[in-house]
Amino acid sequence: MDTSSGDSTGSHLSENSAAKNRRRVCDKHNLADLFMSRTDANPFRRFVKCPERVRGCTFFDWVDDPMPDYQTTWVGRPKLQKEALEDQVHAKLAVVKNLSERIVVKEREIMLLQGRCAELEALVKKCHRESRLRKGIFAGIVVVLLIVVVFFVVV
């Protein structure tokens with residue numbers, strides 16, 4: 001017997017399963033396959049269904065009785081914990097994404113400020129050159145005035 005299953009709600013059990021004696025025949029006289037439910041409503045509950053289900057046979061029957069509520073709650077607890085952890089991970093990923101976007105914005109601002117700093121440094125250098133030039137001109141004017149004053153005083 002094939003032990004694989006394409007069914008997303010159950011897991012196919014082998015023919016060597018303990019429930020082998022509980023195998024049933026469907027309305028079309030096919031030997032029903034045994035599966036185990038993986039749903040929240042019926043966790044680990046065994047069931048049988050016809051292998052010809054895709055061809056229209058609707059045979060389905062539970063092998064086990066439903067679990068009591070306390071067992072279902074206990075079985076479902078790891079899933080709830082997993083979901084809570086996944087929610088926390090998604091929240092953390094959202095924070096990381098937000099921070100990453102803010103970092104990109106800040107990096108652009110830094111680049112703009114660096115460009116502005118370079119412009120200001122060039123302007124400061126230009127002002128220093130002009131200031132030295134003015135000082136030189138001023139010193140030259142003072143020298144000329146001193147020469148003129150000395151010339152008039154001597155004459």
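**Note on the predicted model**

1. UniProt, in an unreviewed entry, places the feature "coiled-coil region" at residues 82-116; UniProt positions are given in the numbering used here, feature names are shortened, and annotations may be inferred rather than shown by experiment. Over residues 82-116 the chain is 100% helix and 0% strand, with the end C-alpha atoms 50 Å apart. Helices (H or I, at least four residues) and strands (E, at least two) are DSSP runs, numbered from the N terminus.

2. This is a predicted model, in which local features need pLDDT of at least 70 and side-chain atom pairs count only at pLDDT 80 or more, while totals for chains, interfaces and linings use all residues. Residues are numbered from 1 along each chain as its sequence is written, and side-chain values use heavy atoms, with hydrogens and water left out.

3. Buried means under 20% relative accessible area, exposed means over 50%, and partly exposed lies in between (1.4 Å probe, protein chains only).

4. Strand S3 has pairing partners, where two strands pair if DSSP finds at least two bridges between them. Strand S2 (residues 33-37) pairs with S3 in the antiparallel sense over four bridges, and Phe-35 stands opposite Phe-47 in S3. S3 also pairs with strand S4 (residues 60-62) in the antiparallel sense, over three bridges, and here Lys-49 stands opposite Phe-60.

5. The structure holds six salt bridges, a salt bridge being a side-chain nitrogen of Lys or Arg within 4 Å of a carboxyl oxygen of Asp or Glu. One of them joins Asp-64 and Arg-46, whose closest N and O atoms are 2.6 Å apart. Because Asp-64 lies in the loop between S4 and H1 and Arg-46 in strand S3, this pair ties together parts that are 18 residues apart in sequence. Both Asp-64 and Arg-46 are buried.

6. Another salt bridge joins Arg-24 and Asp-61, with the closest N and O atoms 3.4 Å apart. This pair links distant parts of the chain, Arg-24 being in the loop between strand S1 (10-12) and S2 and Asp-61 in strand S4, 37 residues apart. Arg-24 counts as partly exposed at 26% relative accessibility, and Asp-61 is partly exposed at 30%.

7. Within helix H1, the side chains of Arg-134 and Glu-130 meet in a salt bridge (3.8 Å, N to O). Because these residues are four apart in the helix, about one helical turn separates them. Arg-134 counts as exposed at 56% relative accessibility, whereas Glu-130 is partly exposed at 32%.
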